[in-house]
Amino acid sequence: MDQRQHEEEVQVDEAAAAAATTGQRRYSKLEEALEIKSLRRIISAYLNYPDAAEEDIVRNERSFRKLPPSHKALLSHLPLKYKRLRRCVSVNTYFIMSMLQAFDPPLDMSQDIDINDHEDLQNVSESHQAEGSKCSVEKNVLSEQPLPIGGSESYVSEPINSREENNLTGKSLEATTKEEEMHMEVSHWSHVENFVNSEKQKGSCNGNINDVKLVTDPAACCSNPDASIRATHLAHTWMDPSVQLNVPLVDVDKVRCIIRNIVRDWAAEGQKERDQCYKPILEELNRLFPHRSKKRPPYCLVPGAGLGRLALEISCLGFVSQGNEFSYYMMICSSFILNYTQAAGEWTIYPWIHSNCNSLSDSDQLRSVSFPDIHPSSAGITEGFSMCAGDFVEVYNDQNQEAYWDAVVTCFFLDTAHNIVEYIETISKLLKAGGVWINLGPLLYHFADSYGPEDEMSIELSLEDVKKIAFHYGFVMEKERVIETTYTANPRSMMQNQYYAAFWTMRKSQ
């Protein structure tokens, strides 16, 4: 499987939004139960990360033990490497658990949902699970309602303060003592359980959490939502290992993809990719909107915003910028980075430890990455910055959204569609007359090789056909070229997937 297709499974998975409120469509128990089950599965994938990583290390150790003595002598450094890998996994796990602790689900996760009791729900559930196990977009039954996870007031003054506990990540692996190496053999499942228990004993999430309020009206996604401030007094019961689900390894692999996406969007090591992909877009926006006013800033929408860096950078240019994302894997992580990392300073992760193949050296595989390279709260964003959750077409298929946006930016997004024609039609509706559409990315259609239901839609057009469809919906090509880039690539890997991405600026005719 192509690396980017594998990475962007994350981009096209389950996403959800808030339950209906007064005056809006009331969702059935069936829909809500399905949504809770889907979210529990995603959270369980995060919780399963340390166990899955431990299984990989144990498998390597088992293979090492099978070597003849003469070969073991040649590879005598490997046992120490496996111990260091366990330490790296512990550091990654600490970040994941801190991230989950800050997450406030839009649904009541404490509900006792027995899906087997409802025949219709069981049928839908099986379909839902099948979608989640392959490279496909999983349609969300609640995705008509957007869930912002950022906004003008989303950058908190008193976020989770984990500076003290995060000191573990600041230690160099090279400085690891033999005594510390012995501690690394502790079960990673105990690591998760101890974290949950310690948070229960504290009775809080290390301070007050400014949590962005839910917006259940698509038109309100474009407004400037205020943040509601409240303290979380108990650790989330859904983080308890006793309620963890067994999930397929492909789900855990999406967690590893998220860790690599952190590098792409928020670490200094991802600057090369950001320069290749984001910089041309930012320069084009700067050229097209030279006279930006603080009183009446231009509005820019970024579908498929991932972990939010591009949307934030656009906001820093003086735009009212909104990112739209469909994946809960992405949203849980981006919410934490955008809202809660300020007080904790830099975090450390080990993104390449699961790439045993094609590593130039052990030190390359075990190298750490610190993030964020900039703190969102001090990045100079406009007050209109926000992140809005839900399926792109469903969330923005609203009369209030028509002719609302001055610009739409799509980066590695178009080929996530079941029906790319619908994406282009929606973009055309959203833009004002004379508005611009800036696109960068390949056409690696995510459903081209899916093995799902026979009626799974996948409209796979050539670049020429894509442009013809755009012209049909009133777009005029202004600028076009090809950009060579990578996607969440390990710069020190022996394998590099290169993309010749289509980059264009189209303007909607007057």
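Colleague: Let's start in the loop between β8 and α15, where F412 sits. Why is F412 called buried?
Modeller: Relative accessibility of F412 is 3%. Buried means under 20% relative accessible area, exposed means over 50%, and partly exposed is in between (1.4 Å probe, protein chains only). With its 3%, F412 therefore counts as buried. F412 also has a positive phi, near 55 degrees, and it is a residue other than glycine.

Colleague: And what sort of model are we looking at?
Modeller: It's a predicted model, where local features need pLDDT of at least 70 and side-chain atom pairs count only at pLDDT 80 or more, while totals for chains, interfaces and linings use all residues. Residues are numbered from 1 along each chain as its sequence is written, and side-chain values use heavy atoms, with hydrogens and water left out.

Colleague: What makes A403 partly exposed?
Modeller: A403 has a relative accessible area of 43%. A403 lies in the loop between α14 and β8, and its phi is positive, about 55 degrees, although A403 is not a glycine. D398 is found in the loop between α14 and β8 too, and at 22% D398 also counts as partly exposed.

Colleague: Over to K81 in helix α4 (residues 78–102). How do you know that K81 and Q365 are joined by a polar contact?
Modeller: Their side chains are 2.9 Å apart in that contact. A polar contact is a pair of N or O atoms within 3.5 Å; within protein, one must be able to donate a hydrogen and the other to accept it, and residues adjacent in sequence count only if both atoms are side-chain atoms. The 2.9 Å is within 3.5 Å, so the pair qualifies. K81 counts as buried, at 11% relative accessibility.

Colleague: Which residues does K81 contact, leaving aside neighbours within four places in sequence?
Modeller: D362, Q365 and L366. Contact here means heavy atoms within 4.5 Å.

Colleague: What is the strand order in the open sheet?
Modeller: There are seven strands, in the order β7-β4-β3-β8-β9-β11-β10, with mixed pairing. Two strands pair if DSSP finds at least two bridges between them.

Colleague: What makes β7 and β10 edge strands?
Modeller: Both β7 (386–389) and β10 (475–485) have a single partner strand, so one side of each is left without a neighbour in the sheet.

Colleague: How do you know that β9 and β11 pair?
Modeller: Six bridges join β9 (residues 431–441) to β11 (residues 499–508). Pairing needs at least two bridges, so six are enough.

Colleague: Which residues of α16 are buried?
Modeller: V466, K467 and A470. Seen down the axis of α16, the buried residues fall within an arc of 95 degrees, so they line one face of the helix. The arc is that of the directions from the helix axis to the C-beta atoms. On the other side of α16, E464 and H472 are exposed.

Colleague: Why is I469 called partly exposed?
Modeller: I469, also in helix α16, has 23% relative accessibility, so it falls in the partly exposed range. Not counting residues up to four places away in sequence, I469 touches V421, I424 and L461.

Conventions
Helix = DSSP H or I, 4+ residues; strand = E, 2+ residues; numbered from the N terminus.
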